[in-house]
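Biologist: I am new to this structure. Could you take me through it?

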Amino acid sequence: QNENTLEDSIIKWKQLGKKVVVGGGLSLFLARKHGLMGVQYRYSEATISSVFENAVEIIKTKKIEQQISDRYRTIIESSLDGIVSINVEGEINVLNHVARQILKIDDKQVIGNAISHYFQTPLINKSLQDGLPRKNIVTEFNSRQYAVNLFPINSGNRTSGLIIILREVLNLVNDEQEIRRTLNKRLTTKY
């Protein structure tokens, strides 16, 4: 059956107007049988060994890349802040569940959409242009106040995108109060 499948392929190859078949013994025999020129593909044991070594290295590299990707995804998703990453065109390429809640985004297909559809501040474009971070910008949208931090993603001398970190000001105040209570308890317990 393998020979028939190969022979059928060579017949189709000829019907497509092709004149040459590259392959091994059986391929060359069948090519000549059907009036095609055959070119033998030769490989050494070292070539085969090298191909397998490269394949193993590719698999190892893909596993490492997957682990790194999983690690970053976990970091981003476990943050209490809204995190959005955009490219230089202002298109969203990453956002976590907190950012979805803050920006009121239900759409699963938000990747590739412009951030300006959901959130606007002229400082986003400014940070993309000058490559400088901006921290603790208080802005209001969706009837709430947010602290916004902008961190350019710089690749060499070029800005390739921007990380936007969003935190509701009320949450910051509540967190600060909770930290003060915890510290006060520790201090009063010690003394």
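Predicted model: local features only at pLDDT ≥ 70, side-chain atom pairs only at ≥ 80, totals over all residues.

Modeller: Residues are numbered from 1 along each chain as its sequence is written, and side-chain values use heavy atoms, with hydrogens and water left out.

Biologist: What is the order of the strands in the open sheet?

Modeller: Helices (H or I, at least four residues) and strands (E, at least two) are DSSP runs, numbered from the N terminus. Two strands pair if DSSP finds at least two bridges between them. The open sheet has five strands with antiparallel pairing, in the order S4-S3-S7-S6-S5.

Biologist: Which are the edge strands?

Modeller: An edge strand here pairs on one side only. The two that do so are strand S4 (92-95) and strand S5 (134-141).

Biologist: What does the twist average from one strand to the next?

Modeller: Axes are lines fitted to C-alpha atoms, for helices over the stretch in contact, and angles run from 0 to 180 degrees between N-to-C directions. From one strand to the next, the twist averages 25°.

Biologist: Which helix packs on the sheet, and what angle does its direction make with that of S7?

Modeller: Contact means heavy atoms within 4.5 Å. Helix H5 (residues 122-130) touches S3, S5, strand S6 (144-155) and S7. The direction of H5 makes an angle with that of S7 of about 145°.

Biologist: Which residue in S7 is the bridge partner of valine 84?

Modeller: Strand S3 (residues 82-87) pairs with strand S7 (residues 158-168) in the antiparallel sense, over six bridges. In S7, valine 84 has as its bridge partner isoleucine 164.

Biologist: Which residue in the turn between S5 and S6 has a positive phi?

Modeller: S5 and S6 pair in the antiparallel sense over six bridges, and arginine 134 has leucine 150 in S6 as its bridge partner. The two strands form a hairpin with two residues between them. The positive phi, of about 50°, belongs to asparagine 142.

Biologist: How many bridges join S6 to S7, and which residue in their hairpin takes a positive phi?

Modeller: S6 and S7 run antiparallel, joined by ten bridges. Serine 155 has arginine 158 in S7 as its bridge partner. Two residues lie between the strands of this hairpin, and the positive phi, near 70°, is taken by glycine 156.

Biologist: How far apart in sequence are the parts tied together by arginine 144 and glutamate 168?

Modeller: A salt bridge is a side-chain nitrogen of Lys or Arg within 4 Å of a carboxyl oxygen of Asp or Glu, and the structure holds seven. In the one between arginine 144 and glutamate 168, the closest N and O atoms are 3.0 Å apart. Arginine 144 lies in strand S6 and glutamate 168 in strand S7, so the parts they tie together are 24 residues apart.

Biologist: Is glutamate 168 buried or exposed?

Modeller: Buried means under 20% relative accessible area, exposed over 50%, and partly exposed in between (1.4 Å probe, protein chains only). Arginine 144, at 44%, counts as partly exposed. Glutamate 168 has 13% relative accessibility, so it counts as buried.

Biologist: What separates arginine 73 and aspartate 70 in helix H3?

Modeller: These two form a salt bridge, with the closest N and O atoms 2.5 Å apart. Arginine 73 is partly exposed at 44%, and aspartate 70 is partly exposed at 32%. They are three residues apart in helix H3, so what separates them is about one helical turn.

Biologist: Which residues is glutamate 7 in contact with, leaving aside its neighbours within four places in sequence?

Modeller: Glutamate 7 is in helix H1 (residues 2-15) and counts as buried, at 12% relative accessibility. Leaving aside those neighbours, its contacts are Leu30, Lys33 and His34.
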